[in-house]
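These notes are for a colleague who is opening this structure for the first time. Please read them with the sequence and the model side by side.

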Amino acid sequence: MDRQNLASSSSSRGGATAAVHPPPQQDAWINTYRNLHPQWQSIPPPHQLAIPISISRVNQVDAGRLDIEMSAMLKEQLVKVFSLMKPGMLFQYEPELDAFLEFLIWRFSIWVDKPTPGNALMNLRYRDERASEIRGKVRTGLEGPGLTVAQKLWYCVATVGGQYIWARLQSFSAFRRWGDSEQRSLARGVWLLMQRMEGIYKAASFSNLLLFLYTGRYRNLIERALRARLVYGSPNMNRAVSFEYMNRQLVWNEFSELLLLLLPLLNSASVKSFLRPFSKDKSSDSSVDETLCPICQGTPSIPFVAVPCQHRYCYYCLQTRCSASPSFRCPRCGEPVAAMQRHGGVVSNIPQKQ
């Protein structure tokens with residue numbers, strides 16, 4: 001009886017459930033699959049998901065600075081080739097020379113899918129961020145195609161051609177004095193337009209710098225416009241930073257500034273007279289020609305002697321030193337010079353500074 005009651009109760013509950021949730025239609029699964037299939041296709045597989053990467057901003061800035069230094073070194077060597085030519089001739093064609101060097105760097109680096117010298121030293125390369133499809137397996141997030149031919153050409157036009165045209169336009173406008181011409185309204189208007197364009201470009205560059213510091217992408221406006229991003233060329237290369245050169249440079253800078261501060265305060269004659277007792281070479285004094293001026297080491301044309309040591313000097317050498325330093329001491333004996341007299345003449349007092 002209990003079994004019959006349980007069976008009857010379960011059958012009654014099943015009938016109630018079937019009445020509430022009717023069975024799905026035959027083509028319900030097919031319709032659901034067709035609706036969700038486009039969404040499934042838009043989701044990439046797990047091995048193709050983009051991995052967020054962070055490129056060191058210091059490396060990117062250093063790479064740009066190294067490229068500038070490399071161009072300056074090439075320019076210096078090229079200028080030495082024309083050093084025997086007419087002076088000032090190469091200065092007239094300086095924009096063309098800069099454009100030629102920039103074109104050489106672009107031709108043998110970016111055009112052939114190789115990093116620039118600065119990028120190579122910093123382990124960086126350009127990647128096309130417009131390529132939405134990622135081919136192959138993504139392991140480090142640094143994968144991606146390089147720049148396209150169009151991006152390379154536009155990069156050359158902007159960096160080489162744009163800078164050359166702007167440099168030539170600035171030099172031509174300065175030579176023609178467009179900014180000072182009040183009568184020619186057209187030249188004045190072009191000059192004002194150039195100033196506004198330069199201001200807009202600087203403001204845009206400053207905004208791009210702030211974005212670069214925040215996101216770490218695109219150092220300049222050209223890279224941002226072309227969507228050419230710098231990424232690491234090799235994921236396994238560690239960044240080795242050496243501060244040895246920087247420390248040595250700082251030490252030498254501080255030492256040179258200290259010398260520039262102290263040298264004007266030192267009197268060479270006083271230092272020599274102070275160090276003379278500690279000199280080991282005692283025989284050198286006997287070999288000194290007493291007839292020569294101890295300052296210029298020449299034969300005095302107008303001989304004067306210092307009082308009281310009676311050493312012979314040129315008049316202009318002795319007068320200049322005594323006027324510059326009232327406490328001038330004789331370089332040979334270290335005695336203070338109290339007066340000066342013509343050789344075989346009358347003693348004349350040294351004029352004192354007011």
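1. Phe 304 is buried, with a relative accessible area of 10% (buried means under 20% relative accessible area, exposed over 50%, and partly exposed in between, with a 1.4 Å probe and protein chains only). The model is a predicted one, in which local features need pLDDT of at least 70 and side-chain atom pairs count only at pLDDT 80 or more, while totals for chains, interfaces and linings use all residues. Residues are numbered from 1 along each chain as its sequence is written, and side-chain values use heavy atoms, with hydrogens and water left out.

2. Tyr 315 counts as partly exposed, at 28% relative accessibility. Phe 304 and Tyr 315 form a tilted aromatic pair, 4.8 Å centre to centre with 50° between the planes. Rings of Phe, Tyr and Trp (its six-membered ring) pair if their centres lie within 6.5 Å; planes under 30 degrees apart count as stacked, over 60 as edge-to-face and the rest as tilted. This pair links distant parts of the chain, eleven residues apart: Phe 304 is in strand β3 (residues 303–307) and Tyr 315 in helix α12 (residues 315–324). Helices (H or I, at least four residues) and strands (E, at least two) are DSSP runs, numbered from the N terminus.

3. How many aromatic pairs does the rule give? The count comes to six. The rings of Trp 252 and Phe 255 have centres 6.0 Å apart and planes at 80°, so this pair is edge-to-face. Both residues sit in helix α10 (residues 244–262), three residues apart, or about one helical turn. Trp 252 is exposed at 55% relative accessibility, and Phe 255 is partly exposed at 41%. Elsewhere, Phe 103, Trp 106 and Trp 111 form one aromatic cluster.

4. Nine salt bridges are present (a side-chain nitrogen of Lys or Arg within 4 Å of a carboxyl oxygen of Asp or Glu). One of them joins Asp 98 and Lys 75 at 3.3 Å, N to O. Asp 98 belongs to helix α5 and Lys 75 to helix α3, so the contact ties together parts that are 23 residues apart in sequence. Asp 98 is partly exposed, at 30%.

5. Asp 113 and Lys 152 form another salt bridge, with the closest N and O atoms 2.4 Å apart. Asp 113 lies in the loop between α5 and α6 (117–121) and Lys 152 in helix α7, so parts 39 residues apart in sequence are tied together.

6. Arg 130 bridges to Asp 128, with 3.4 Å between the closest N and O atoms. Arg 130 is partly exposed at 47%; Asp 128 is buried at 7%. Salt bridges that share partners also join Lys 75, Glu 94 and Asp 98 into one network.

7. The whole structure has zero disulfides (pairs of cysteine sulfur atoms within 2.5 Å). The sulfur of Cys 296 has its closest cysteine sulfur in Cys 314, 3.7 Å away, which is too far for a bond. For Cys 322 the closest cysteine sulfur is in Cys 309, at 9.9 Å, again too far. Cys 296 is partly exposed at 42%, whereas Cys 322 is buried at 2%.
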